[in-house]
Amino acid sequence: MRENVLIKSEILLGLPDFQITGIQRHGGNLRVSASYIGPRVCAHCGSTRLRNKGWVQRTVRHEDWGLRHEVLLLWVPKSKCLVCGRYSRQSLPGILRYQRASEAFQKAIYQQHLDGVNRSCLGRRERIGAATVERYFRHGLQRQFREWHPPACPVLLGIDEHFFTRRKGYATTFCDLRHHKIYDVVLGRSEDALKGYLARLEGKAAVQMVCMDLATVYRSLVHKYFPHAQIVADRFHVIRLVNHHFLACWKDLDPVGSKNRGLLSLLRRHPQNLKPEQKLRLEAYLATQPALETIYGFKQRLCSLLLNKQRTRRQCRKLIPRFLRTVSELRQAILPHLVQLGETLYSWRDEIAAMWRFTRNNGITEGFHNKMELISRQAYGFRNFENYRLRVKVLCS
Ligand SMILES: [Zn+2]
C-alpha cells in the first residue's frame, strides 16, 4: 500500500522520495503538500548517523498543470549529525539549495524563452519577474554548454568577422567546419583584441586547416598561433574581391553606363547564369566598350580559374602557372584598380592555391552569421558580450 502511494506521488510530482499528503485549490492554482520520505544524510559529511531535530517547510514553485500554477509545500527533516556534530536540512532531489523553484520548472521556463516567448510576457504569465526568467534561462544555457562544449580547438577552423554592436564594434567567429558548429565568438578583430584569447586556446598545434577571408590581421595571427595549419582563402571572398575591383574599373571607364542597375546586375553574374536574351544585351553593350570587353573576358577567365575545387596535387601544379601569369598581367596593367587587385592576389597566392585542393569554405560560418543576427534581434540587441557569447555557443551547435 505504502509502495503504491509512493509511486503515485512520484508520477504526479515528477520528483522521487516524496509522499503527497494533500492537494488544495488556492485561487485557481494548485497547492500540493508533500513530505520527504527518502534516505537522510548529513549535508556536511555525508554520514547517516543522525538525530532527528523536527521538520521545516519549504515552499517551491513547480511545473504548471495546464494553465494552473503549482506550488509545492514540502516538509523537510532537520537533523543533527552524530559524527560531525553539525545541524543540516535534508537536501532534496530535483530542487537545488536556496532555490525557490524546482529544476523542472526552471527547465520549462528555459525552453519557453528559447522558443521565443519574451521575458516580460513569460514573467507575467508565470507570475515571476522578468529578471528571474533571465536568470533561469542563463542557468539553462550554462547547463547545456557544460554538456557539449569541447575544450580543444577544432581541427578544421573557419575564422571570420561579424558585426556585434555599434558601441563594441566587430566580433570574430571561430567555426568548427568539420562538425558544422560554432566553436566560439570573441569580441574584437584586431591582433590586440585576439592575442590573449589565442594564447590561452588549447589544441592549437593540432589544427590542420584554417579558412578565412583575405584579412592580413587574421593571416599573421594564424602564422603566429597555429604553427601547423594550412591557410585556405575563402572562395566567396576572393571572387567578391575580383568583382569589386572589376566594377570599380568599369566606373572609371564608363561613368555614365555604370549607373545603369540593369547592366550592373548583368556584369555581376556568372555568364552561365544568364538567360539568352540577357546574354545578347550584355554583348551589345560590351561591343560599344572595347576596353571593357577585354577586361570582362579577362575577369571571367580569372573567375573560372578560381572556381576550381577538389583538385589533386598534380592538377594544381598545372593551375599555378596559369594563375601566376594572370596575376603578373594584372600587376602590369595601366588601370590602378587592376594593379591593386593584382597586388592583393599576389600576396595571397599560396592561400588561393590551397583553395583548389579543398572543398571546405567559410559558407558554414556565413550561414551561422545569419543565425547570430537572428539571436541578437530576438533579444533586441545585447549590451553584455558574454550573454551573447553563451547564447551563440549553445544555439549554433
Ligand atoms: Zn555530519
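## The second largest cavity

In this predicted model, the second largest cavity has a volume of about 40 Å³, and the residues that line it are Ile159, Phe174, Leu194, Leu198, Tyr218, Leu221 and Val222. Two elements, α5 (191–200) and α6 (216–225), each give two or more residues to this lining, and α6 gives the most, with three residues.

By class, the lining of the second largest cavity consists of seven nonpolar residues, with no polar and no charged residues. Tyr218, one of the lining residues, is counted as nonpolar under the classification used here.

## The largest cavity

The largest cavity holds about 60 Å³ of space, and its lining is made up of Val242, His245, Phe246, Ile295, Phe298, Lys299, Leu302, Leu330, Leu338 and Leu341. Three helices, α7 (235–253), α10 (290–306) and α12 (336–347), each supply at least two residues of this lining, and the largest share, four residues, comes from α10.

The lining of the largest cavity divides into eight nonpolar residues, one polar residue and one charged residue.

## The cavities in the structure as a whole

At a cut-off of 30 Å³ or more, the structure holds two cavities. For the largest cavity, the elements that supply at least two lining residues each are α7, α10 and α12, whereas for the second largest cavity the elements that give two or more are α5 and α6.

Conventions:
Residues numbered from 1 in each chain as written. Predicted model: local features only at pLDDT ≥ 70, side-chain atom pairs only at ≥ 80, totals over all residues. Heavy atoms only, no water. 1 Å grid on protein atoms, 1.4 Å probe; cavity = no way out; pocket = protein on both sides within 12 Å on 5 of 7 lines; lining within 4 Å. Points joined across faces, edges and corners; volume = space filled by probe spheres on them.
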